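Here is a friendly briefing to read alongside the structure. Please keep the viewer open as you go through the points.

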Protein chains: 2
Amino acid sequence: MTKAELFQQITQKQSYLCVGLDTDIQKIPSYLHKEQDPIFAFNRQIIDATIDYCVAYKLNTAFYESLGARGWESLEKTLAYIPSSVFTIADAKRGDIGNTSALYAKAFFEKMNFDSITVAPYMGEDSVAPFLTYPNKWVILLALTSNKGSSDFQMLTLNGGKYAECLFEKVLETSQLWGSDEQMMYVVGATHPQLFQKIREIVPRHFLLVPGYGAQGGDLQTISRLGMNKECGLLVNSSRGIIYASSDKDFAQKAQQTALAIAEEMKKYLQEKV
Amino acid sequence: MTKAELFQQITQKQSYLCVGLDTDIQKIPSYLHKEQDPIFAFNRQIIDATIDYCVAYKLNTAFYESLGARGWESLEKTLAYIPSSVFTIADAKRGDIGNTSALYAKAFFEKMNFDSITVAPYMGEDSVAPFLTYPNKWVILLALTSNKGSSDFQMLTLNGGKYAECLFEKVLETSQLWGSDEQMMYVVGATHPQLFQKIREIVPRHFLLVPGYGAQGGDLQTISRLGMNKECGLLVNSSRGIIYASSDKDFAQKAQQTALAIAEEMKKYLQEKV
């Protein structure tokens with residue numbers, strides 16, 4: 001998907017919501033366990049219920065891998081079920097030496113047909129470059145993550161930086177040399193609202209994938225007002241808050257109501273800025 | 001596997017070789033393609049041929065994931081085939097927020113029964129901690145990787161470090177607070193022999209997993225003399241150099257000869273130091 005197509009979808013749906021399909025076999029309604037593929041059965045209903053209110057689905061691979069080969073099949077089936085008009089994210093946080101990253105790119109962009117994959121920056125340019133050779137596919141690079149551990153290394157200040165520069169800012173700066181804002185996005189956690197303005201100075205045009213809204217405590221208004229640019233530039237993810245809005249048979253209906261409520265709030269911020 | 005058991009195996013086999021099962025469907029002998037599971041058929045022969053000369057097998061998950069659910073099955077079958085006396089490494093370079101890392105731990109330590117997994121440090125302590133809750137299982141944390149991109153971030157110097165401290169040194173220092181040398185190892189690439197001495201000062205007792213020997217150009221003698229400690233403390237990996245020593249029907253025999261030659265060199269270094 002191109003950046004223009006993604007923006008068009010945002011404009012049309014008046015939403016920049018990403019629904020995280022972190023589907024946990026332990027947490028889905030028990031009556032689904034009798035289905036041949038309970039994970040897919042759950043995801044299909046969530047997708048049907050939310051697709052009008054979101055522009056992206058993020059599938060965290062951990063939830064599928066924890067079920068082995070069978071989980072991998074549920075992942076493939078779920079991806080195949082999502083219409084190509086909606087942006088898809090493999091939240092896989094991969095990254096390895098060049099020839100190996102090339103295989104991960106093949107796994108997620110060829111074997112499966114994800115629009116994007118999250119990649120960890122620690123191993124540097126040649127670990128990211130293989131993902132950037134696919135036209136209209138995206139790398140979403142971890143910059144500043146939403147968890148507590150983001151302060152362990154990402155926020156360390158560097159020697160000789162242009163200003164009191166942290167590692168995550170260096171990641172934002174350096175990685176802009178690797179690919180354009182038509183093929184790279186950044187992960188910036190909703191739990192760091194005070195840093196959104198600074199981040200927008202470094203990457204004014206890039207899309208930011210913002211996890212940590214909802215269950216992890218981020219605030220949509222602040223993120224949106226500080227993080228939005230002229231092409232929206234935000235995909236705000238909610239996983240648990242939507243897909244587990246109810247643990248009963250009405251889970252899809254509750255997911256829809258929650259997604260709709262978020263999208264309605266997003267509409268306001270979009271109208272203010274875009 | 002405990003550290004004592006690993007060291008005992010090293011003493012017994014007089015080897016600290018790790019064979020990397022980076023098995024690429026494009027590179028295995030074509031006659032194996034008629035097998036029901038060509039990847040597993042190849043791996044089984046490599047394991048049979050090399051098991052007397054190595055103490056560990058490292059399976060890079062990218063090679064298996066690139067084949068989808070079928071590849072995942074080959075990974076599971078290969079792991080199950082390796083006797084429990086040999087140390088097994090899921091070279092997966094995972095790492096995510098806590099609840100998600102817990103699922104990766106479940107995938108690799110429960111669903112499969114790997115002894116260890118490689119983990120990326122960028123997301124900090126809570127992304128690593130869930131892997132450390134399993135007794136006798138290991139985290140192998142990326143510190144200084146073997147690739148060119150290791151200079152992009154890992155070698156940046158930090159402000160206010162104890163000396164001219166790089167990020168990778170900070171990773172070595174900080175992460176020692178998270179778990180002991182009975183449950184953590186570090187990835188240190190063979191392509192940085194000049195840094196082994198400094199690394200041993202920071203982590204004198206930990207095992208180091210050393211990739212980049214062979215195809216990537218590292219030198220076994222230098223690594224061994226600078227990196228070895230009283231309990232050996234080294235697992236030196238060779239992947240392509242062993243498993244693709246021949247592309248014909250004699251691939252297993254040539255792999256055996258190559259592993260044997262490396263083990264014989266290792267025996268010398270062990271006798272000098274341990």
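Predicted model: local features only at pLDDT ≥ 70, side-chain atom pairs only at ≥ 80, totals over all residues.

Residues are numbered from 1 along each chain as its sequence is written, chains are lettered from A and ligands numbered from 1 in the order in which they are written, and side-chain values use heavy atoms, with hydrogens and water left out.

**Symmetry**
- Chain A is superposed on chain B by a rotation of 180° with 0.0 Å of shift along its axis, at an RMSD of 0.0 Å (least squares on the C-alpha atoms of residues with pLDDT of at least 70 in both copies).
- That is the relation of a two-fold axis.
- Both copies use the same surface, since 100% of the contact residues of chain A recur in chain B (contact means heavy atoms within 4.5 Å).

**Interface**
- Chain A and chain B each bring 58 residues to the contact.
- Between them the two chains bury about 5000 Å², 60% of it on carbon and sulfur atoms (the accessible area, with a 1.4 Å probe, that two parts lose on being put together, summed over both).
- Four salt bridges are found across the interface of chain A and chain B (a side-chain nitrogen of Lys or Arg within 4 Å of a carboxyl oxygen of Asp or Glu).
- Asp96(A) forms a salt bridge with Lys93(B), with the closest N and O atoms 2.8 Å apart.
- On the side of chain A that touches chain B, α5(A) gives the most, with eight residues (helices, H or I, of at least four residues and strands, E, of at least two are DSSP runs, numbered from the N terminus).

**Core**
- In the largest nonpolar core, which has 209 residues, Tyr16(A), Phe108(A), Tyr16(B) and Phe108(B) touch the most other members (such a core is a set of buried Ala, Val, Leu, Ile, Met, Phe, Trp, Tyr and Cys residues joined through side-chain atoms within 4.5 Å).
- Beyond its neighbours within four places in sequence, Phe108(B) is in contact with residues including Glu65(A), Trp72(B) and Phe114(B).

**Leu208(B)**
- Leu208(B) is found in strand β7 (residues 207-210) of chain B.
- Leu208(B) is buried, with a relative accessible area of 0% (buried means under 20%, exposed over 50%, partly exposed in between, using a 1.4 Å probe and protein chains only).
- Leaving aside neighbours within four places in sequence, the contacts of Leu208(B) include Tyr186(B), Phe196(B) and Leu234(B).
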